[in-house]
Amino acid sequence: MQLNNAELEQLLQLATKAALAAGEYITQFDRTLLEVDSKCVGSSLSAQVVTQVDLDSQALILSVLAPSIKYYNLGVLSEENADEAQAAHHERLTSEYFWCIDPLDGTLPFIENIPGYAVSIALVSKSGKPLIGVVFNPPSGDLYQAINDGSNSKVVKNGQPWLLQPSDTLPEQEGKTLIISSDVFTLFIDRSFSQDPRYNPLLEAVAEQLKLVGIRSLEVINTSGAVMNAIGVLENAPAAYIKLPKPQKGGGSLWDFSATAAIFEALIQSGSAVAVSNIHGAPLDLNRKDSNYMNHEGVFYSVNLPLNSFIYR
């Protein structure tokens, strides 16, 4: 079964309805009732906390998506239902398409009542291509939608076509030196990475690359979840979000990156100077055969920089 453009549009609207329903619930939740539990997954605190809000948000999303799951025989991978021990046998590996859902990405900032959390829903093909991406940011009310389907690709922000302006995304060439007209570069990282021994070497490597393109100031943001880190890159160009590979399980999960990868790839189709890849420049493995995690390859999102100049090896 090959989904056509009309069907993708229908599924985009359904995913949007689900994301908005979950977002409204999250926004209206009485924080005096908030209780935090733990789960034995991943290697960072952000992966190990869960609230009833996560679970209720997931239930709302699945109830809205249920008709599409049955009609199109879609697989479902959702954070609070994922079983890492059974990852190699999950239905996403045999379904032509699957919903990839993070009902509340950025649970830590949500618990702390600071911006940085979001609802994220993607439709991914068996090959790992993200075809639909919907992100809702409850603190700001911003809604991001994308269809990533070649010439039919589109990105919409708050109901309006979203194309990054060329003056904001296309660096100027001056001889052989790449010049970016900005004084500040924003680097998004996960908060747990600040304790990693590779943290300072990465910042030094980034600073050296920035000098080559005329930027002297580096701002580091580490308070958001993975979804809003990627969206933050788009909203704060020039910017990048980098996660390095690591041997232990973690490094984000398929549901952390699928929706924003769809948004970035659709923007690439429009000619915007954005990039999304693993840390070595290859496409993200969004239907990994043996795990739900991305620790094996890391992730790299950027706006306004040539890919090869910023990959950290």
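Reader: Is Tyr-71 buried or exposed?
Author: This is a predicted model, where local features need pLDDT of at least 70, side-chain atom pairs count only at pLDDT 80 or more, and totals for chains, interfaces and linings use all residues. Residues are numbered from 1 along each chain as its sequence is written, and side-chain values use heavy atoms, without hydrogens and water. Relative accessible area under 20% means buried, over 50% exposed, and in between partly exposed (1.4 Å probe, protein chains only). At 67% relative accessibility, Tyr-71 is exposed.

Reader: How many aromatic pairs does the structure hold?
Author: Rings of Phe, Tyr and Trp (its six-membered ring) pair if their centres lie within 6.5 Å; planes under 30 degrees apart are stacked, over 60 edge-to-face, the rest tilted. By that rule the number of pairs is 8.

Reader: What kind of aromatic pair do Tyr-71 and Tyr-72 form?
Author: Their ring centres are 4.8 Å apart. With 85 degrees between the planes, the pair is edge-to-face.

Reader: Is Tyr-72 buried or exposed?
Author: Tyr-71, at 67%, counts as exposed. Tyr-72 has 7% relative accessibility, so it counts as buried.

Reader: How many residues of strand S7 are buried?
Author: Strands (E, at least two residues) are DSSP runs, numbered from the N terminus. Asp-142, Tyr-144 and Ala-146 point one way from S7, and Leu-143, Gln-145 and Ile-147 the other. S7 is largely enclosed by the rest of the structure, because the buried count is 6 of the 6.

Reader: Which residue in S7 is the bridge partner of Gly-133?
Author: Two strands pair if DSSP finds at least two bridges between them. S6 (residues 130-137) and S7 pair in the antiparallel sense over 6 bridges. In S7, the partner of Gly-133 is Ala-146.

Technical notes:
Helices (H or I, at least four residues) and strands (E, at least two) are DSSP runs, numbered from the N terminus.
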